[in-house]
Amino acid sequence: MDLIKLAIADDHKIFREGLKFTLEDYTQLDLIIEATNGKDLIAQITNNKPDVILMDIKMPEMDGMQAITYIRQHFSDVKILVLSMHNEDKYILNAMRLGASGYLSKNAEPEEILEAIVNVHTKGFYFNDDLSATMAKELLGINFMHRLQEKDARLNEREIEVLKLICEEYCNTEIADKLFLSVRTVEGYRTRLFEKVGSKNIAGLVIYAVKSGIITI
């Protein structure tokens, strides 16, 4: 695996230092940015774009939710993994709806943090038990699905094939190999799926696929 360029955004220096110490033994990670809030983070990634951002929610000047919104609009290929002490459903759901690729508690074990970083980098999302439970309770609700179905997705056969493989956690390269397509073509299908379904992240694609009967869980 190529080095994963990593950014950390958290206003607590002690936590940042602890996180850096925790991750320093993982040679596949390259920490290129350390920021104290969303504004500081955005200023830095403009000229030095990471692959994955580990970001807190509660920060001064520009908080995590505001930063997620901006980054999704201006750096759509950068993956965001929220790392927060706030584990209530409302925070998790808001972050995922805005475009985060995963959500972890600050109490997570180092091995899970690494697993989450690798998964959001290679597959586009990371679900743990807490996130899956929250998604099942809320994102499968009527309001969320009504918003998705308003897009009238009307997926064609190939788009459904790609969507199924995305839901099975295959990355773009693996999907390309399975369907005998180029990686660029798969990326194009993935982009169109986001547009048709009306989702900002893969979590929304998975939920749409479940509710539409494309996959079962």
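This is a predicted model: local features need pLDDT of at least 70, side-chain atom pairs count only at pLDDT 80 or more; totals for chains, interfaces and linings use all residues.
The protein has 217 residues, and 48% of them are buried. Its secondary structure consists of 11 helices and 5 strands.

**Overall make-up**

- The accessible surface of the protein is about 11,000 Å², and carbon and sulfur atoms account for 48% of that area.
- Of the contacts between residues at least 6 apart in sequence, 63% join residues at least 24 apart.

**Strands E1 and E2**

- Strand E1 spans residues 4-9 and strand E2 spans residues 29-35; the two pair in the parallel sense over 6 bridges.
- Ile4 has Leu29 in E2 as its bridge partner.
- Between E1 and E2 the chain passes through helix H1 (residues 13-23), forming a β-α-β crossover that is right-handed.

**Helix H4**

- Helix H4 covers residues 89-98, and its buried residues include Tyr91, Ile92 and Leu93.
- Further along H4, Ala95, Met96 and Leu98 are also buried.
- Gly99 follows H4 and has a positive phi, near 130°.

**Packing around H10**

- Helix H10 (residues 183-197) and helix H8 (residues 157-167) have axes that come within 10 Å and cross at roughly 95°.
- Angles of 65 to 115 degrees count as roughly perpendicular, and H8 and H10 are therefore roughly perpendicular to each other.
- On the H8 side of this contact are Arg158, Glu159, Val162, Leu163 and Ile166, which meet Tyr189, Arg190, Arg192, Leu193 and Lys196 in H10.
- Helix H9 (residues 172-179) also packs with H10, at an angle of about 110° and with the axes 8 Å apart.
- That angle makes H9 roughly perpendicular to H10.
- In the contact between H9 and H10, Asn172, Thr173, Ile175 and Ala176 of H9 meet Val183, Val186, Glu187 and Arg190 of H10.
- Arg190 of H10 takes part in the contact with H8 and in the contact with H9.

**Helix H11**

- Helix H11 (residues 202-211) has 9 of its 10 residues buried, so this helix is largely enclosed by the rest of the structure.
- The buried residues of H11 are Ile202, Ala203, Gly204, Leu205, Val206, Ile207, Tyr208, Ala209 and Val210.
- Just after H11, Gly213 adopts a positive phi of about 80°.

Terms used. Residues are numbered from 1 along each chain as its sequence is written. Side-chain values use heavy atoms; hydrogens and water are left out. Two strands pair if DSSP finds at least two bridges between them. Helices (H or I, at least four residues) and strands (E, at least two) are DSSP runs, numbered from the N terminus. A crossover is right-handed if, with the strands pointing away from the viewer, the path from the first strand over the helix to the second runs clockwise. Buried means under 20% relative accessible area, exposed over 50%, partly exposed in between (1.4 Å probe, protein chains only). Contact means heavy atoms within 4.5 Å. Accessible areas come from the Shrake-Rupley method with a 1.4 Å probe; for residues, only the protein chains shown count as cover. Axes are lines fitted to C-alpha atoms, for helices over the stretch in contact, and angles run from 0 to 180 degrees between N-to-C directions. Angles under 35 degrees count as roughly parallel, over 145 as roughly antiparallel, 65 to 115 as roughly perpendicular and the rest as oblique.
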